[in-house]
Amino acid sequence: MDQVQTVVVGAGVIGLAIARKLARAGHEVLILEAETRIAQHTSARNSGVIHAGIYYSKDSWHGRLCARGKEMLYDYCATRRVDVERTGKLIVALNEDHLSRLPGLVKTAHANGVTDLQQISPREAMELEPELACLGAVASPSTGIVDAPGLALSFLGEAEAEGAVLAVNAPLRAVHPISGGFELNVDDPGETKIACSNLINAAGLGAWDVARGIHGLSETHIPDRFLAKGCWFSGTGASPFRQLIYPVPDNESLGIHFTRNLGGGFKFGPNLEWLDTQGFDYFVDPAKLPVFEQAVRRYWPGLPEGSLHPESAGIRPKVRGEGDVASDFVFSGPAQHGLPGLVQLFGIESPGLTSCLAIAQQVATML
Ligand SMILES: Cc1cc2nc3c(=O)[nH]c(=O)nc-3n(C[C@H](O)[C@H](O)[C@H](O)COP(=O)(O)OP(=O)(O)OC[C@H]3O[C@@H](n4cnc5c(N)ncnc54)[C@H](O)[C@@H]3O)c2cc1C
């Protein structure tokens with residue numbers, strides 16, 4: 001049986017950031033990825049936004065790791081030449097209720113450690129973005145965008161430079177605790193068995209299945225899983241805005257917002273669709289077009305007729321369901337479940353991309 005010190009399950013931005021961190025700390029690392037290529041799921045299906053951390057309480061993992069991760073990510077991208085841009089973001093008031101909530105939003109951000117927000121008048125907002133319609137706005141200068149696939153590739157390159165090995169087409173199916181670690185059964189053509197001392201479950205949407213495959217791990221250490229789909233529609237032609245545009249958030253999602261990518265493309269979304277089943281697909285229903293057009297026209301009245309097209313979808317892995325308190329990241333290590341060498345991550349939805357380097361740091365401290 002092959003033997004390796006540390007196995008990271010999942011080659012999304014989180015697993016790759018962790019593999020890089022541990023490889024640089026001297027671990028012998030093997031990354032197991034079920035797909036044929038890295039970053040095919042949530043890491044390729046997000047808004048690509050580096051969040052400022054406006055809404056996340058300082059007491060939550062979201063709050064702590066987003067604030068730290070944002071700075072780490074900007075630094076990393078600057079030194080590694082991963083494409084990134086501090087675009088800034090405008091949170092726009094589209095009705096009187098939104099307008100009355102803007103000062104509170106600045107206050108909340110301040111309490112959460114984001115001190116650079118500024119409320120601006122509709123005239124100032126429209127001077128910045130002539131296509132925009134709004135009653136007022138809050139400007140967030142530290143929000144930006146990042147090339148997520150490029151980031152994943154950069155993490156992999158740095159991990160490999162330290163000796164880490166990536167195995168694709170290698171879904172982890174079952175785990176048996178053995179003396180000093182774990183025996184892993186990989187569902188590849190060779191039905192490979194691997195022994196390791198440390199096992200990091202960073203399988204994203206698949207983290208729950210990986211956890212259930214660990215013999216002897218009590219169900220009490222596996223949180224419930226809830227799935228919420230988000231779809232985008234893309235626009236054609238020149239980007240209407242330079243900054244990212246977000247309506248003041250209602251309830252559980254940040255609303256159908258405008259984001260652009262570093263190649264000049266732009267899209268609107270994601271919406272929020274709670275999924276009933278535990279299975280999922282990435283189909284974007286073209287019939288949703290009128291809902292998107294209506295949402296976008298509230299802040300971009302000049303949206304040309306028929307210019308939006310179904311683009312892509314992502315699935316948010318959550319540990320809380322509809323109407324419940326906000327979901328947060330869950331880290332489950334030896335202190336929680338009692339199995340030395342095992343760290344599991346659940347519910348790594350937004351702001352996971354922003355937080356990836358800080359998450360990797362957190363996981364390293366838990367081993
Ligand atoms: C709609 C949406 C919008 C978002 N927007 C933003 C944003 O703007 N900013 C931000 O900061 N965050 C955003 N996020 C969150 C961010 O995209 C995620 O937090 C991040 O990509 C999660 O990465 P991951 O590596 O955990 O998951 P994934 O990228 O899904 O990677 C998990 C990997 O594990 C593999 N895997 C699964 N099961 C197994 C197995 N048994 N064996 C081996 N491999 C396995 C999968 O194939 C996959 O490659 C968004 C998320 C969604 C859904």
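In the predicted model, the side chains of E127 and R123 meet in a salt bridge with an N to O distance of 3.3 Å, a salt bridge being a side-chain nitrogen of Lys or Arg within 4 Å of a carboxyl oxygen of Asp or Glu. Both residues lie in helix α4 (residues 122-128), four residues apart, or about one turn of the helix; helices (H or I, at least four residues) and strands (E, at least two) are DSSP runs numbered from the N terminus. E127 and R123 are both exposed, where exposed denotes over 50% relative accessible area, buried under 20%, and partly exposed the range in between (1.4 Å probe, protein chains only). The model is a prediction in which local features need pLDDT of at least 70 and side-chain atom pairs count only at pLDDT 80 or more, whereas totals for chains, interfaces and linings use all residues. Residues are numbered from 1 along each chain as its sequence is written, and side-chain values use heavy atoms, with hydrogens and water left out.

Over the whole structure, the search finds 14 salt bridges. One of them pairs E158 with R24, the closest N and O atoms being 3.2 Å apart, and this pair links distant parts of the chain, with E158 in helix α5 (residues 148-161) and R24 in helix α1, 134 residues apart. E158 counts as buried at 18% relative accessibility, while R24 is partly exposed, with a relative accessible area of 46%. Another salt bridge joins R212 and E219, whose closest N and O atoms are 4.0 Å apart; here R212 is partly exposed at 46%, and E219 is exposed at 53%. Salt bridges that share partners also join R20, R24, R80 and E158 into one network.

Helix α1 (residues 13-24) has twelve residues and reaches 16 Å from its first C-alpha to its last, close to the expected 16 Å, the expected span being 1.5 Å times one less than the number of residues. The helix is mostly covered, ten of its twelve residues being buried, and R20 is among these buried residues, as are V13, I14 and L22. Just after α1, G26 takes a positive phi of about 100°.

The protein is divided into domain 1 (2-45 + 149-224 + 326-366) and domain 2 (89-141 + 226-318), with bounds that come from an automatic or database domain assignment. The C-alpha centres of the two domains lie 32 Å apart, and ten residues of domain 1 are in contact with twelve residues of domain 2, contact meaning heavy atoms within 4.5 Å. Between them the domains bury about 1000 Å², 63% of it on carbon and sulfur atoms, where buried area is the accessible area (1.4 Å probe) that two parts lose on being put together, summed over both. R45, L205 and E349 supply 60% of the area that domain 1 buries against domain 2, more than any other three residues. The count between the two domains is one salt bridge, and a salt bridge is also found between the side chains of K318 and E349 (3.2 Å, N to O).

Q243 is found in the loop between β13 (226-234) and β14 (244-247) and is buried, with a relative accessible area of 7%. A polar atom of the Q243 side chain lies 3.3 Å from the backbone nitrogen of K89.

Technical notes: Polar contact = N/O pair within 3.5 Å; in protein donor to acceptor, adjacent residues only side chain to side chain.
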